[in-house]
Amino acid sequence: NVTLTGYCIAETEMTQTLYGKLSDSSESGNIPKQVYYASVSTILESLNTNTQAHFNIASEAQWEYAAKGGAKTQGYKYAGSDNLDEVAWYSGNAGGKLHEVKSLLPNELGLYDMSGNSMEFVLDYYNPYTEEDVTDPVSPYIDSNSHVTRGGEYSFAIENLTTYARYANRI
């Protein structure tokens, strides 16, 4: 059993335009910006400085709960639908490229691209789940420098885009 206390999550992945503003680059566009995990802390520092807020990367548990629709869940296999073409860019419809955010339907919480388009790093390191009851869990570094990514991406096959699929990616 997992208990989560309050948190907020962005309705889309970070876009190239937002990345350009936060990193002083000339990148722009409403397409997700794919970044290595090692770059996340620099981007978050810039975002927090520019907004005077405190943003952080979501934990795996927070991400999964949000992807499944939170308290509004309808129990869909993918984030927002059982029909993947309605909510996700994947190997069957993406044409081998990223697509603009908000170009398909959101999930029950109004979150876009939680399945497909661009995979998303979460705070956790890739380790087996624990059997004990936990509150706001974050899987620590143990013996792997792989972080968890969730959601899959535009090049993934349909079976790899469920809200419960998780992957290990090197930082």
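## Aromatic contacts, cores and overall fold

Tyr167 has a relative accessible area of 22% and is therefore partly exposed, since the partly exposed class begins where the buried class, under 20%, ends. The model described here is a predicted one.

**Overall architecture.** The protein chain contains 4 helices and 5 strands. Read from the N terminus, these elements follow the order β-α-α-α-α-β-β-β-β. For 171 residues the globule rule gives 16 Å, and the radius of gyration of the protein chain is close to that value at 16 Å, so the chain is as compact as a globular protein of that length. Along the principal axes, the C-alpha atoms occupy a box of roughly 45 × 35 × 30 Å. Of the 171 residues, 43% count as buried. The chain exposes about 9,400 Å², and carbon and sulfur atoms supply 50% of this area.

In soluble globular proteins, nonpolar side chains tend to be buried together. The largest nonpolar core in this model has 9 residues: Ala58, Trp63, Ala66, Ala67, Ala79, Leu111, Met114, Val122 and Val148. Helix α3 (residues 60-67) contributes the largest share of this core, with 3 residues. When residues up to four places away in sequence are set aside, Ala58 touches Ile9, Trp63, Val122 and Leu123.

**Aromatic pairs.** A pair of aromatic rings is described by the distance of the centres and the angle of the planes. The model has 3 aromatic pairs, and two of them are set out below.

| Pair | Centre to centre | Angle between planes | Geometry |
|---|---|---|---|
| Tyr125 and Tyr141 | 5.4 Å | 80° | edge-to-face |
| Phe156 and Tyr167 | 5.3 Å | 80° | edge-to-face |

The pair of Tyr125 and Tyr141 links distant parts of the chain, 16 residues apart: Tyr125 belongs to strand β2 (residues 120-125), and Tyr141 to the loop between β3 (134-135) and β4 (146-150). For Phe156 and Tyr167, the planes stand at 80°, so the pair is edge-to-face. This pair also links distant parts of the chain, with Phe156 in the loop between β4 and β5 (166-170) and Tyr167 in strand β5, 11 residues apart. Phe156 counts as buried because its relative accessibility is 15%, whereas Tyr167 is partly exposed at 22%.

**Charges over rings.** Lys33 is placed over the face of Tyr19, at 4.8 Å from the ring centre. Arg166 is placed over the face of Tyr129, at 4.3 Å from the ring centre.

**Backbone features.** Most residues other than glycine have a negative phi. Lys102, although not a glycine, has a positive phi of about 65°. Asn117, likewise not a glycine, also has a positive phi of about 65°. Lys102 is situated in the loop between α4 (84-87) and β2, and Asn117 is found in the loop between α4 and β2 as well. Lys102 counts as partly exposed because its relative accessibility is 42%. Asn117 has a relative accessible area of 0% and is therefore buried.

Conventions:
Residues numbered from 1 in each chain as written. Predicted model: local features only at pLDDT ≥ 70, side-chain atom pairs only at ≥ 80, totals over all residues. Heavy atoms only, no water. Core = buried A, V, L, I, M, F, W, Y, C linked by side-chain atoms within 4.5 Å. Buried < 20%, exposed > 50% of the residue type's maximum accessible area, 1.4 Å probe, protein only. Helix = DSSP H or I, 4+ residues; strand = E, 2+ residues; numbered from the N terminus. Contact = heavy atoms within 4.5 Å. Phe/Tyr/Trp six-rings, centres within 6.5 Å; stacked < 30°, edge-to-face > 60°. Lys NZ or Arg CZ within 6 Å of the ring centre and 35° of its normal. Rg over C-alpha atoms; globule rule 2.2 N^0.38 Å. Areas by Shrake-Rupley, 256 points an atom, 1.4 Å probe, with all protein chains shown as cover.
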